[in-house]
Amino acid sequence: MKSFNVPSFYRSPLISKLKLHYKTQDPHRKIKQPFILNTETCAIVIARHFGFCYGVENAIDIAFKALHEHPGKSIYLLSEMIHNPQVNSDLRQRGVQFLNDTQGNPLIPLQTLKSDDVIIIPAFGASLEVLSAINALQLQVHTYDATCPFVERVWNRAEKLATSQHTILIHGTFNHEETRATFSRAVIQNTPVLVIRTPEEAAYLAECIKHNADDGEFKTRFTGRYSPGFEPSRDLTRIGVINQTTMLASETQHIADIIKSALEIRYGSEALKLHFAETRDTLCYATNENQEAVLELRNVCPDMVFVIGGYNSSNTSHLVEICESVCPTFFIEHSDCIQKTQIHHYNLHKKNIENSMWPHLPQYPKIAFTSGASCPDAVFEDVVFKVAQHFNLNANQVTTYFNAL
Ligand code: SF4
């Protein structure tokens with residue numbers, strides 16, 4: 001895989017060593033079992049795959065290149081570069097300004113832009129509406145496109161589904177930058193498009209499909225999430241499902257199965273091929289690998305797990321959901337969240353930050369760690385050191401254990 005120029009302050013010697021060890025031991029990345037370091041006081045369990053993915057490294061490389069190549073110029077990101085607070089804050093400190101927030105609300109009016117300014121399209125891509133609004137200003141701006149190729153692959157899949165005259169169902173969160181970008185590209189293909197978030201919504205659509213009608217609630221349920229003129233009785237007859245690259249794999253599969261089975265009931269097995277496009281999910285490799293790696297944690301039965309990443313990061317949130325089915329899970333952004341008696345963490349369900357006591361642990365606990373695709377390894381390392389301290393191990397001792405690899 002291509003390597004990128006990522007600033008060394010995002011790297012961690014310890015984690016680089018571990019990843020190099022993995023690479024040598026398993027060049028084709030087939031192994032999913034976690035790495036277990038048995039120290040004197042606890043077992044440190046590290047998910048096999050975690051941290052910066054291809055698209056994030058590419059985006060960081062491009063953003064820092066833009067800064068290097070245009071000193072003194074105004075540099076604007078269309079929205080957050082990636083969903084990681086440290087990386088976004090580093091870019092802000094270096095003078096990069098954000099035109100929109102993650103929901104697409106303007107932070108700086110586009111009219112502020114001038115010719116010769118620099119624009120960076122983030123890893124999620126940008127919606128065509130935003131790009132056309134910038135083009136309409138007719139300015140000579142320098143543009144750096146950090147759109148992840150795995151996101152572009154989803155756009156290509158949408159185009160193919162439109163060519164084969166399928167309605168496109170996008171499994172994603174509508175206010176996520178990537179889903180808005182995908183939606184805008186699907187809509188211009190002149191095919192009906194609908195964004196759905198949950199299996200419950202898929203079950204509702206299944207009823208519409210089976211009865212060839214909706215109960216009048218469709219437009220309220222999906223306000224703002226369908227293409228103009230979408231008509232359930234006409235547009236739910238021939239369907240293909242794609243997804244935001246960072247969704248929960250099992251959920252996308254569940255949604256596709258619900259829709260497929262409804263179409264089968266309506267049209268019969270013989271005709272199913274005409275009505276349902278058998279597409280593999282459009283999750284990216286990093287989402288798949290990271291989710292499979294945390295599923296493997298179940299076999300180790302950890303006593304607690306730390307999931308590190310931005311609280312608005314979709315891929316990290318799904319790792320949290322999987323881990324929660326395994327053991328007490330703490331979603332944290334950085335090492336300061338670890339306190340002597342408490343853990344400062346994000347509750348995904350209540351959508352708030354809470355302080356929890358450390359859970360009751362056995363005498364020799366197994367403490368697991370993973371992180372989202374936008375979390376720097378340096379942050380991961382800091383968390384491992386801070387947690388190790390809680391178990392009376394200092395950074396040197398932990399490093400010695402890693403050096404024995
Ligand atoms: S998580 Fe996947 S789609 Fe998103 S930036 Fe990383 S590789 Fe690209």
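These legends describe close-up views of a predicted model.

View 1. One cavity of 30 Å³ or more is found in the structure. The volume of the largest cavity is about 280 Å³. Its lining is made up of 23 residues, and C53, V56, F124, T246 and N315 lie nearest the centre. By type, the lining holds 12 nonpolar residues, 10 polar ones and one charged.

**View 2. Helices around the cavity.** At least two lining residues of the largest cavity come from each of α2 (54-69), α5 (149-163), α12 (285-296) and α13 (314-324). Helix α2 gives the largest share, three residues.

**View 3. The salt bridge between D377 and K19.** The whole structure has 15 salt bridges, and one of them joins the side chains of D377 and K19, at 3.1 Å from N to O. D377 belongs to helix α14 (residues 377-390) and K19 to helix α1 (residues 13-25), so the pair links distant parts of the chain, 358 residues apart. D377 counts as buried because its relative accessibility is 7%, under the 20% limit. K19, with a relative accessible area of 25%, is partly exposed.

**View 4. The salt bridge between E201 and R225.** The side chains of E201 and R225 meet at 2.9 Å, N to O, in a salt bridge. E201 is in helix α7 (residues 199-211), while R225 is in the loop between α8 (218-221) and α9 (232-235), so the bridge ties together parts 24 residues apart in sequence. Both E201 and R225 are buried.

**View 5. The salt bridge between E231 and K219.** Here the side chains of E231 and K219 form a salt bridge of 3.8 Å, N to O. E231 sits in the loop between α8 and α9, and K219 in helix α8, 12 residues apart. E231 is partly exposed at 30% relative accessibility, and K219 is partly exposed at 40%.

Technical notes:
Residues are numbered from 1 along each chain as its sequence is written. This is a predicted model: local features need pLDDT of at least 70, side-chain atom pairs count only at pLDDT 80 or more; totals for chains, interfaces and linings use all residues. Side-chain values use heavy atoms; hydrogens and water are left out. On a 1 Å grid over the protein atoms alone, a cavity is a set of points where a 1.4 Å probe fits but cannot get out, and a pocket is an open set with protein on both sides within 12 Å along at least five of seven lines; lining residues have an atom within 4 Å of a point. Grid points are joined across faces, edges and corners, and a volume is the space filled by probe spheres set on the points. Helices (H or I, at least four residues) and strands (E, at least two) are DSSP runs, numbered from the N terminus. Ala, Val, Leu, Ile, Met, Phe, Trp, Tyr, Cys and Pro count as nonpolar, Asp, Glu, Lys and Arg as charged, and the others, Gly among them, as polar. A salt bridge is a side-chain nitrogen of Lys or Arg within 4 Å of a carboxyl oxygen of Asp or Glu. Buried means under 20% relative accessible area, exposed over 50%, partly exposed in between (1.4 Å probe, protein chains only).
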